[in-house]
Amino acid sequence: TKDQWEVDPAELILGQEIGSGQFGLVLEGSWRDRKVAVKMVREECMSDEEFKEEARIMMRLSHSKLVQLYGVCTQHSPICLVFEYMDNGCLTDYLRERKGSLSQDILLGMCLDVSEGMAYLEMSNFIHRDLAARNCLVSKNNEVKVSDFGMTRFVLDDQYTSSQCSKFPVKWSAPEVIRYCKFSTKSDVWSFGVLMWEVYNEGRLPYENRTNAEVVDSLNAGLRLLKPRLAPDSVHLLMEWCWKEKPDDRPTFGLLFHELASLSDA
Ligand code: ADP
């Protein structure tokens, strides 16, 4: 049928609230005998019509290292997005809760998982635009998956969408994104470098005590985040490669995946 992405509300059972995000509440639920996470989208937060169009593309993206969108429920307000359920929650919290107990293999494995999901998005010519540990989720068997890809385009709050404003994720953004909102797979690669830094700092906030304006100044002066204590030189080199000023000088996700995989075999 033409509405393959439409979830029948009669098949969707809603449960407890598990979080709240940019667009509204997130509930646990079940759909066709599987556990799901349901994002209830407050109308004033999202440009609806554009999103419905895009949801079709997002549903075609399917990979073991991406949080799967199963469908959307658009018949009633609020619109609901039905996702694969991720038992271990967001990566930032997961890292913080396990601080001091994560082995080198596990830290590297997390970066490898994310690079694999991102290599798939790269191949699919899909730009994430908001890659960060907070937008990755952890499954029951501790796999890390990329979530929320492409979603910032539908946020109507301009506090979030303009780089001059308070909620814009400046600390994860490439210089060309901060300067001219030029998003690309290479700006995702920059953000991936910051995500690796978060992983090896066990969920610490990057540039903790600095304002966005101070971060911009230090980037312009050529400064970068410092090597995390837990990061081997080989991993730190990859981070720095992601933070090259010129997008073309940064690696592809395909290459990053390959490099991280060879480190994990070593
Ligand atoms: P938004 O992207 O709209 O800001 P989030 O994706 O951050 O919202 O969701 C808020 C919280 O809801 C997350 O931190 C996480 O705890 C929970 N959550 C979101 N998606 C899922 C999911 N697929 N499985 C389990 N929990 C989820």
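What share of the 266 residues in the protein is buried? Buried residues make up 38%. The notes below concern a predicted model.

1. **Overall dimensions.** The C-alpha trace spans about 55 × 40 × 35 Å along its principal axes. The radius of gyration is 18 Å. A compact globule with 266 residues would have a value near 18 Å, so the two agree. The protein has nine helices and seven strands. Take the contacts between residues at least 6 apart in sequence: 62% of them join residues at least 24 apart.

2. **The sheet.** Five strands form an open sheet. Their order is β1-β2-β3-β5-β4, and the pairing is antiparallel. β1 and β4 (69-73) stand at the edges, each with a single partner strand. One side of each is therefore left without a neighbour in the sheet. From one strand to the next, the twist averages 25°. Helix α1 (residues 48-60) packs on the sheet and touches β4 and β5. The direction of α1 makes about 155° with that of β4.

3. **β1 with β2.** Strand β2 covers residues 24-31 and pairs with β1 in the antiparallel sense over seven bridges. The two form a hairpin, with two residues between them. G21 stands opposite G24 in β2. L14 stands opposite G29 in β2.

4. **β2 with β3.** This pair is antiparallel too, over six bridges. L27 has V38 in β3 as its bridge partner. β2 and β3 form a hairpin with two residues between them. R32 sits in that turn and has a positive phi of about 50°.

5. **β3 with β5.** Six bridges join β3 and β5 in the antiparallel sense. V38 stands opposite V82 in β5.

6. **β4 with β5.** β4 and β5 run antiparallel and are joined by four bridges. A hairpin of five residues connects them. G71 stands opposite V82 in β5. β5 is mostly covered, with five of its six residues buried.

7. **A37 in detail.** A37 belongs to strand β3 (residues 34-41). Is A37 buried or exposed? A37 has 21 other C-beta atoms within 10 Å, so this residue counts as buried; the cut-off for that class is 20 or more. Leaving out residues up to four places away in sequence, A37 touches I18, V26, E28, F83, Y85 and M86. A37 and E11 are 26 residues apart in sequence. Their C-alpha atoms are 14 Å apart in space.

8. **R129.** The phi of R129 is positive, about 80°, although this residue is not a glycine. R129 lies in the loop between α3 (104-123) and β6 (136-138). Where does R129 fall on the burial scale? R129 counts as buried, because 21 C-beta neighbours lie inside 10 Å.

9. **Y207.** Here is another positive phi, about 45°, and again the residue is not a glycine. Y207 is found in the loop between α6 (185-200) and α7 (212-220). Y207 has 16 other C-beta atoms within 10 Å, so this residue is partly exposed. By contrast, R129 is buried.

Technical notes: Residues numbered from 1 in each chain as written. Predicted model: local features only at pLDDT ≥ 70, side-chain atom pairs only at ≥ 80, totals over all residues. Pairing = 2+ DSSP bridges. Axes fitted to C-alpha atoms, helices over the stretch in contact; angles between N-to-C directions. Contact = placed C-beta atoms within 7 Å. Rg over C-alpha atoms; globule rule 2.2 N^0.38 Å. Buried ≥ 20, exposed ≤ 12 C-beta atoms within 10 Å, placed from the backbone.
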